[in-house]
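I opened the notebook to look up how two chains meet. Then I turned to a helix pair.

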Amino acid sequence: MPIWSWFGIKSGIATPPEGSENHGQEGVLGLPRLDAAKCTAAQDRCSDCAAACPADAITVPPGQPAALDYARCVGCQLCTEVCPSGAFSLSHDWALGVRDRADLQTNGATRELETALTAELAAFGRSLHIRHVDAGSCNGCESELQALLNPFYNLHRLGIFFTPSPRFADLLLVTGPVTAAMREPLLRTWEAMPQPRWVMALGTCATGGGTNGGGYACHDGLEGLLPVDVWLPGCPPNPAAIIEALLMLLGRRPQIVHGGRHGS
Amino acid sequence: MMRHCEIRKLEPSELPQAADALLSALGDTPSAHGRMQFAYASALPDGTLQVSYLLSQGAGKPYGLWRVKPDDGRLPSLANKLPLLGWYEREMMDLYGLQFEGHPEPYPLVLHEGFAPDAPPMLAPFDRQGKTLSGHAMPPTVPSIIGEDIQRLPFGPVRADVVESAQFLFFYIGEGILHYHPRLFYKHRAMEARFQKADLRTGSVLAERVSGIDSVSHALAYAQAVEAALGWRAPRRARYLRVILSELERLYNHLHYLGHLSKTTTLKVAEAEGLLLEEKLKQINAILTGSRFLRGLVVPGGLRRDLDVSKLAAGLDALEREIDLYMERLETTASYLDRLQTTGVLPRQVAFDEGATGPVERASGLDRDLRRDHPYAGYGRLNFTVSVQSAGDAHARALVRMDEIRQSRQLIRLALGCLEPGPVLRTEAVETPDPDGEGLGWAEGVRGGLLYAVHLDDARTRLARVKIKEPSFSNWRVFPFTVQDSNMMDYAINEASFGLSVAGVDR
C-alpha cells in the first residue's frame with residue numbers, strides 16, 4: 001500500500017512562490033478590448049459587433065462609437081471576428097474585478113468611489129471566510145472555484161477559506177444569473193450571514209446575466225437583488241482572476257479596470 | 001426528414017403497441033444496442049405540437065424516430081413500459097402543458113411545486129425581457145413514508161463546499177437509507193428556449209454554456225446536428241482537431257473525477273494530486289486554445305480557427321508517467337478500494353431500463369459508446385478500445401474512467417498523426433440539405449451520450465427548436481436506484497463515483 005504522505009512530500013510544493021510571474025494563465029484569452037477611437041460606427045453606422053454579440057454586451061448609440069459592457073460580456077470573441085475597423089481586439093485581460101459596476105462599461109459614468117477600506121473590512125486583517133452559492137451557473141465558475149483549492153493556487157495560503165455555514169461567512173460569493181428557484185435560497189443565505197458582510201458577483205451570469213440571464217427561468221444577475229461589493233465578469237473568470245478580485249476586496253491588490261479599460 | 005433517422009408516423013393510440021414491439025424485439029436480456037433514447041415536443045409551422053421519440057437501433061444502424069401528434073394535448077404515457085421516458089414526459093408536461101395519461105409519477109419536475117406558470121413557457125416565444133417566474137418553494141412530491149424512527153433530512157439546495165445547487169432528501173433509520181429523492185432543476189435556465197431564433201454562431205456560444213465542463217461535447221453535438229440539417233461537412237483537419245478537443249475534455253474531467261473520488265474516501269494527498277493533474281491539463285488546454293474549457297472553437301462547419309498543436313504531444317507526454325503512477329497508487333490503496341468495492345451497485349438491467357449512459361452504463365456491463373457505434377468527427381478511422389466492466393459498483397465506474405484516460409491519450413496521439421495542413425471551416429453544402437431543415441447530432445461526452453435535435457427556421461439561418469439529450473439527465477434518473485437501501489456513510493462516495501453535472505440535467 002502506497003505511503004501517500006511520503007509521495008506528497010516528495011513531489012514538493014506546486015504553488016508558485018509569492019510574487020512570482022507564473023499565474024498559470026499562459027494563453028488564456030480575456031474579454032476583448034474596445035478601442036473606441038478606431039470604431040467607425042459614427043461615420044458609417046456599422047453595428048456588426050452589436051449584431052454578432054450573443055449577450056447584448058455591445059451597444060452602438062446613434063452617431064457614436066460602439067460601447068462595451070464587460071458586466072454582460074461572455075468573452076466569445078465574435079465581435080473581434082466581425083469588426084471591420086479593428087476596434088475590437090483579442091486580449092489577455094482577465095483581472096477584471098471592480099467595486100463599481102459602472103467601471104465595467106466603456107461609457108459608464110465615472111464616479112469617485114471611496115477607495116479606502118471601511119474600518120470594518122480592515123478589521124478582518126488578512127483572513128476571509130466565503131460562503132459560495134450557485135444561483136444557476138453552467139458549472140464553469142464552480143470548476144474554477146474548486147480549482148482555487150488545488151495545490152497550484154492553494155487559496156488557504158492567503159488566509160481565505162470556504163465555509164459551509166453562512167453564519168461563519170464574511171463574503172457571499174454568487175455564481176449564475178439567479179434562477180427563479182434559487183432566488184429565495186440565495187436571499188435566505190444572505191440573511192443568515194452576520195454583519196458586517198460583503199457580496200461578490202462572480203462570472204458574467206452574476207454580473208449582468210450574460211447569455212443565460214433573463215427569460216421565464218432567470219433574473220439578470222445580482223443587480224437589484226443584493227448589494228454587490230465586487231463585480232468580477234468572465235466566462236468563467238480564471239482562478240488567478242478570482243484571487244486578484246478577492247485580494248482587491250481585502251485591499252491587498254489595486255483595481256485594474258476603470259471605465260471599461262484594462263490598465264492604469 | 002432527419003438524416004441518420006428512419007421515421008415512423010404514429011397515431012397516439014398506436015404508441016403502446018409500438019413500445020411493446022420494441023420491448024419484445026429486445027428479448028429477455030438487455031440488448032447491448034437498441035434502446036429508446038429520449039422524447040421531446042416541438043411546434044409545427046401551423047402551431048400544433050408534435051412529439052418525437054428517438055431510438056437507437058444498434059451500432060452502425062440509423063436511429064429510429066417515432067413522430068406523434070397529441071390528441072387534444074394528450075398522449076398515452078409509455079413510462080410504465082420504457083421507464084427512462086418518465087422524466088422526458090414530465091418535462092413535456094411542465095414546459096409544453098401536454099398530458100401523459102397513466103403516468104406513474106405525474107408530478108412537476110422541471111418547474112418546482114409552488115412555481116406553476118400562467119401558461120406552459122415553451123408554448124410562447126422565448127422573451128429575454130419577459131417576466132421571471134415567481135413563487136414560494138413548496139416541498140417536492142415524495143411517497144408518504146411514516147414510521148416512528150424515520151428521520152427526514154433535506155440537504156440543500158445550498159450545501160457544504162463549492163458545489164452545484166441541488167437538494168437531496170433522505171429518509172433514513174440510523175445509517176440505513178430507506179428512500180432518497182434528489183430534487184434537481186433549481187438551476188433550470190431555459191437553455192433550450194434560448195436557442196429559439198438564435199443564429200447558428202450564437203447557438204455554439206449557448207451550447208458551450210449548458211454545462212461548462214462539457215463545453216466541447218455540447219458544441220460538437222450541436223454543430224454536427226446543424227451540419228446534418230444543412231448538408232455541410234467539416235473539413236478533414238477540423239474533424240481530427242475535434243477529436244483532440246473532445247479527448248482533452250475527457251482527460252481533465254476524468255482527472256478531476258479521481259481527485260474528487262479520493263476526497264470522498266478521505267485520501268488528502270490523492271485528492272491534491274488528482275486536482276493538480278486536472279489543473280495541469282487545464283493549463284495545457286489554455287495554451288492550445290486560449291480557453292481552459294476549450295471554448296470558442298467548435299462551430300457548424302468546422303472550427304473558428306486553426307490550432308497550433310506542435311507543443312501538445314510533448315505537454316501530454318510529460319504528464320504521462322505522473323498520471324500512470326497516480327492511478328497505480330490509487331489501485332493499490334486498500335482503504336480506497338474498500339470504500340469503492342460493492343458500493344452503489346447498479347445492476348445491468350436497471351442501467352438499461354432507466355437509461356444509464358457513458359462510463360456509468362459501461363461499468364454495469366453495457367458495451368455502448370457513440371464514438372465507436374455511430375462514429376463522428378475523426379473517430380471512424382481511429383483505433384481504440386471501449387472500456388467495459390461488469391461489477392456495476394463505484395470501483396467499476398472508476399476503473400472505466402481510468403482506462404478511458406489511457407485511451408484518450410492514445411486517441412490524441414493517433415489524431416495528431418492524421419492531421420494534415422488544410423482548411424478548418426467549410427460552410428457550404430456538400431450533401432443534399434435536409435428538406436425539412438432538421439438535423440440530429442451526437443457526441444460521446446465525458447459523462448455519456450449527448451444528442452442534439454435541431455430544427456432550423458424556413459430561411460435555414462436561425463434555430464427554431466433545439467432539444468438537448470443530456471447525459472447527466474439520464475444518469476441522475478438512474479442514480480437513486482443505487483442509493484435506496486444503502487447507507488449514509490457511502491452516499492458521498494457513491495455520488496462522486498457517478499460523476500454527475502447538475503447544470504447539464506437542469507439546463
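These entries cover the interface first, then the helix pair.

Entry 1, the interface. I am working from a predicted model. I looked up the contacts between the chains: 70 residues of chain B are in contact with 66 residues of chain A. The area buried between chain B and chain A comes to about 5,300 Å². Carbon and sulfur atoms give 58% of that area. I then asked which residues of chain B lose the most area to chain A. They are Arg128(B), Val162(B) and Arg209(B), together 14% of what that side buries.

I found 6 salt bridges between chain B and chain A. I checked Arg128(B) again: its side chain meets that of Asp220(A) in a salt bridge, 3.1 Å from N to O. Between chain B and chain A I also noted 36 residue pairs in polar contact, both residues at pLDDT 80 or more.

Helices 3, 4, 7, 8 and 9 of chain B each give two or more residues to the side that touches chain A. Helix 7 (268-289) is among them. Helix 7 of chain B gives the most, with 12 residues. By class, this side of chain B has 33 nonpolar, 17 polar and 20 charged residues.

I looked up helix 5 (residues 215-230) and helix 6 (residues 236-264) of chain B. They pack at an angle of about 145°, with their axes 8 Å apart. Helix 5 of chain B brings residues including Leu220(B), Ala223(B) and Glu227(B) to the contact. From helix 6 of chain B come Arg242(B), Leu245(B), Ser246(B) and Glu249(B). I logged the classes in this contact as 4 nonpolar, 4 polar and 3 charged residues.

Key:
Residues numbered from 1 in each chain as written. Chains lettered and ligands numbered in written order. Heavy atoms only, no water. Contact = heavy atoms within 4.5 Å. Buried area = accessible area lost by both parts, 1.4 Å probe. Salt bridge = Lys/Arg side-chain N within 4 Å of Asp/Glu carboxyl O. Polar contact = N/O pair within 3.5 Å; in protein donor to acceptor, adjacent residues only side chain to side chain. Helix = DSSP H or I, 4+ residues; strand = E, 2+ residues; numbered from the N terminus. Nonpolar A, V, L, I, M, F, W, Y, C, P; charged D, E, K, R; others polar. Axes fitted to C-alpha atoms, helices over the stretch in contact; angles between N-to-C directions.
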